[in-house]
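Please keep the sequence and the structure in view.

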Amino acid sequence: MKEIRKSFISPLIFGIALILQILWRSVPHSYVDLFNFLSVAVILLALRHGEGAGAIGGSVAGLIQDSLTLHLFGLAGLTKTCLGFAVGLAYRKLNLTPFINQLLFIFAAGSLELFLWAGLANLIFTFHPPIESGSFWLQPLGTTLLSGFLFRLIKS
Amino acid sequence: MALPSKERKNIYLFLILILGHLILLSIQVPLDQDNPLLKQAFLAVITPVQAGLSWLWQGIESLWTDYIFLRKVKSENQRLEAENLLLRQENLILRQVLERLEKEIEIKERLNQLTSPVVIASVIGSDGGNIFQSLILNRGSKHGIKANMAVLDPEGNLVGRVIGPVLPWSCRVQLITDEASGTAVITSSHGISGVLRGDGRGRCYLDYVLVTSPEISPGEEITTSGLDGLYPAGIRVGRIISVSIENALFKKVEVEPFFQINGLRQVAIIRFDLSRL
């Protein structure tokens with residue numbers, strides 16, 4: 001019973017993340033870029049199940065995000081696949097047991113994903129991400145705090 | 001040192017996924033091609049969920065506000081009823097005047113076009129990448145929505161146009177602030193025509209205004225000219241906020257759109273071609 005319950009946690013996290021992402025972006029507002037709930041779900045999935053599940057989850061979450069964007073389809077898929085894989089691999093290989101190490105690593109991975117997405121969008125595909133919005137740059141922080149807190153909650 | 005088989009499998013999986021995404025991206029270059037089928041499929045699955053959640057959330061919100069503002073509703077209702085009566089009267093008079101001026105058959109045809117000319121739609125999603133690019137609305141082909149229909153905010157300012165694919169119960173709007181948008185506009189005082197292009201950051205630029213053209217000053221309003229065959233003429237678009245010389249040929253005219261993206265919940269989709277009236 002416990003095993004069944006455990007196996008439901010990841011799809012549940014994904015579903016909740018999708019609902020939160022839709023609600024958060026349902027009406028345009030100034031803080032819309034502050035949280036990316038789909039990134040949080042990918043990080044949690046990677047931390048729980050490793051790099052393989054992280055990469056697949058990242059692909060699906062990224063494609064969902066891309067389907068709601070006007071110009072590019074596959075860009076967020078690409079960057080979130082990298083995010084999921086990197087987080088899963090690093091969690092297994094590095095010593096990320098101390099909470100502060102986890103937070104620092106998630107922050108680095110989240111920032112890398114954001115820079116990769118913004119860089120590719122801006123340099124290769126010449127469409128401008130909302131880099132002038134303050135909340136855009138705070139996204140890695142928001143993602144880190146949410147992911148770290150939720151991962152601790154799930155583990156406990 | 002050889003990697004364990006599970007680890008190797010994960011690396012292969014990662015590489016396959018990355019390759020898949022790269023192929024997906026590469027087939028979209030140039031970017032003016034139609035939306036890939038996979039994107040349409042994702043959108044078709046996501047938008048009903050979006051619409052449902054948005055409806056639920058708005059329901060909860062309105063329940064709360066109805067309760068709080070119940071006392072205000074009565075007087076507001078009375079005011080609206082009076083306004084409605086006035087508008088009906090005005091409409092009646094205008095129809096009578098119009099009927100006197102034009103031939104009967106022609107008038108009937110035109111009035112038929114005016115039946116349900118506007119569809120009110122709720123915003124159920126903003127763009128996943130940049131909120132100044134697009135919106136998703138809860139009205140689609142089942143409500144008579146087609147690509148290229150003009151979308152206005154509640155004050156009647158231009159927001160953008162419907163772009164394909166239009167799904168049965170939802171559609172996407174390309175905002176005038178999107179970099180890939182182009183709107184034929186005209187300035188209010190000197191009648192200078194140009195093409196309005198978004199910058200993806202909430203502002204727009206008026207392109208192709210010659211250095212030799214008459215003086216344009218900040219504060220001047222611009223409206224649609226109708227020359228692009230997309231938007232009807234005369235819709236309020238924005239206000240010029242700065243003018244400078246870009247190069248030897250053209251001026252750089254920065255425009256602030258009238259519509260406000262933040263907090264935009266409802267819009268009006270114009271279902272008929274105003275330019276034909």
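How many bridges join strand 4 of chain B to strand 5 of chain B? Four bridges join strand 4 (residues 158-163) to strand 5 (residues 171-175), and the two run antiparallel. Strands pair here if DSSP finds at least two bridges between them.

## Basis of the model

This is a predicted model: local features need pLDDT of at least 70, side-chain atom pairs count only at pLDDT 80 or more, and totals for chains, interfaces and linings use all residues. Residues are numbered from 1 along each chain as its sequence is written, while chains are lettered from A and ligands numbered from 1 in the order in which they are written.

## Chain B overall

Chain B has four helices and twelve strands. Helices (H or I, at least four residues) and strands (E, at least two) are DSSP runs, numbered from the N terminus. Of its 277 residues, 29% count as buried. Buried means that 20 or more other C-beta atoms lie within 10 Å of the residue's own; 12 or fewer make it exposed, anything in between partly exposed, and C-beta atoms are placed from the backbone.

Among contacts in chain B with a separation of 6 or more, 57% join residues 24 or more positions apart. Two residues are in contact if their C-beta atoms, placed from the backbone, lie within 7 Å.

## First barrel

Strands 1-2-5-4-3-12 of chain B form a closed barrel of six, with antiparallel pairing. The twist averages 40 degrees from one strand to the next. Axes are lines fitted to C-alpha atoms, for helices over the stretch in contact, and angles run from 0 to 180 degrees between N-to-C directions. G160(B) stands opposite L175(B) in strand 5.

R161(B) also belongs to strand 4. Is R161(B) buried or exposed? R161(B) counts as buried because it has 21 C-beta neighbours inside 10 Å. Beyond four places in sequence, its contacts include N148(B), V151(B), V173(B) and L230(B). K251(B) lies 90 residues away along the chain, with 26 Å between the C-alpha atoms of R161(B) and K251(B).

Strand 6 (residues 183-187) pairs with strand 7 (residues 193-198) over four bridges. T183(B) stands opposite L196(B) there. Strand 6 also pairs with strand 9 (residues 221-224), over three bridges, and T187(B) faces I222(B). Three bridges link strand 9 to strand 10 (residues 236-245). In that pair, T223(B) stands opposite R236(B).

## Between the chains

44 residues of chain B are in contact with 36 residues of chain A. On chain B, the elements giving two or more residues are helix 1 (5-26), helix 2 (37-68), strand 1 (118-126) and strand 2 (134-137). This side of chain B divides into 22 nonpolar, 16 polar and six charged residues. Ala, Val, Leu, Ile, Met, Phe, Trp, Tyr, Cys and Pro count as nonpolar, Asp, Glu, Lys and Arg as charged, and the others, Gly among them, as polar.

## Core and a covered helix

The largest nonpolar core has 90 residues, and A41(A) and L137(B) touch the most other members. Such a core is a set of buried Ala, Val, Leu, Ile, Met, Phe, Trp, Tyr and Cys residues joined through C-beta atoms within 7 Å. L137(B) touches A121(B), V173(B) and V267(B), among others.

In chain A, helix 4 (residues 75-93) is mostly covered, with 16 of its 19 residues buried.
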